[in-house]
Amino acid sequence: MSNYSYSKEINQNNVVFREFDLESIKKMFTKIFEAYNPRIKEENFDSFCEDFYDLAKEIPASNERMWRMIITDMFFSYDEKGYLKEAAEDNGIKRRQFAIIASVIISKLRAGH
């Protein structure tokens, strides 16, 4: 039997976020959405940033994989409500797009960045 343990893997992929405030979150997402599709519709941008800020401040999870899942789920939720523009029709493509954006977000929020 293998010595593989998913729980050990989860505990080893921790991420520490740098200090941030709502304005720095808005700046970060402005730059990200200039470079990546899909984008949050302008009329929903502020609430998206506020939602993300609240999540990042309230959720004590430090695991990078969990954060990628949380961010991806947040994008799917906004997509279901029709708040994204330029989103792909295929869920597989969306998942890849959202995963790329989630990785970018985590790298920009990582302490030492």
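Met28 is in contact with Phe52, Ile105, Lys108 and Leu109, leaving aside its neighbours within four places in sequence; contact means heavy atoms within 4.5 Å. This is a predicted model, in which local features need pLDDT of at least 70 and side-chain atom pairs count only at pLDDT 80 or more, while totals for chains, interfaces and linings use all residues. Residues are numbered from 1 along each chain as its sequence is written, and side-chain values use heavy atoms, with hydrogens and water left out.

**Met28 and helix H2**

- Met28 is in helix H2; helices (H or I, at least four residues) and strands (E, at least two) are DSSP runs, numbered from the N terminus.
- Met28 counts as buried because its relative accessibility is 4%, where buried means under 20% relative accessible area, exposed over 50%, and partly exposed in between (1.4 Å probe, protein chains only).
- Met28 and Ile105 are 77 residues apart along the chain, yet their C-alpha atoms are separated by 7.9 Å.
- H2 has 14 residues and reaches 20 Å from its first C-alpha to its last, close to the 20 Å expected at 1.5 Å a residue; the expected span is 1.5 Å times one less than the number of residues.
- In H2 the buried residues are Ser24, Ile25, Lys26, Met28, Phe29, Ile32 and Phe33.
- The cover over these buried residues of H2 includes S1, H3, H4 and H5.

**Chain overview and confidence**

- Five helices and two strands make up the elements of the protein chain, in the order α-α-β-α-α-β-α from the N terminus on.
- Of the 113 residues in the protein chain, 35% are buried.
- Among contacts between residues at least 6 apart in sequence, 72% join residues at least 24 apart.
- The chain exposes about 7,100 Å², with carbon and sulfur atoms supplying 48% of it; accessible areas come from the Shrake-Rupley method with a 1.4 Å probe, and for residues only the protein chains shown count as cover.
- The average pLDDT of the chain is 87, and 88% of the residues score at least 70; pLDDT is the predictor's confidence in each residue, from 0 to 100.
- Confidence is lowest in helix H1 (residues 6-12), with a mean of 62, and highest in H2, at 96.

**Nonpolar core**

- The largest nonpolar core has 28 residues, and those with the most contacts inside it are Phe29, Phe52, Phe75 and Ile105.
- Two or more residues of this core come from each of helix H2 (22-35), helix H3 (42-58), helix H4 (64-80) and helix H5 (91-109).
- H5 gives the most to this core, with seven residues.
- A nonpolar core is a set of buried Ala, Val, Leu, Ile, Met, Phe, Trp, Tyr and Cys residues joined through side-chain atoms within 4.5 Å.
- In soluble globular proteins, nonpolar side chains tend to be buried together.
- Phe75 touches Phe33, Ile40, Phe48, Leu84, Phe98, Ile101 and Ile105, not counting residues up to four places away in sequence.

**Helix H4 and Thr72**

- H4 has 17 residues and spans 24 Å from its first C-alpha to its last, close to the 24 Å expected at 1.5 Å a residue.
- The buried residues of H4 are Trp67, Ile71, Thr72, Met74, Phe75, Phe76, Tyr78 and Asp79, and their cover includes H2, strand S1 (39-40), H3, strand S2 (84-85) and H5.
- Thr72, in helix H4, is buried, with a relative accessible area of 7%.
- Not counting residues up to four places away in sequence, Thr72 touches Arg95, Phe98, Ala99 and Ala102.
- Asn63 caps the N-terminal end of H4, where a side-chain oxygen lies 2.8 Å from the backbone nitrogen of Arg65.
- Gly82, whose phi is positive, near 80°, follows H4.

**Other local features**

- A cis peptide bond, with omega about 0°, joins Asn37 and Pro38; Pro38 is in the loop between H2 and S1.
- Most residues other than glycine have a negative phi, and most peptide bonds are trans.
- Ser47 is in helix H3 and is partly exposed, with a relative accessible area of 32%.
- The side chain of Ser47 reaches the backbone oxygen of Asn44 at 3.1 Å.

Key. A polar contact is a pair of N or O atoms within 3.5 Å; within protein, one must be able to donate a hydrogen and the other to accept it, and residues adjacent in sequence count only if both atoms are side-chain atoms.
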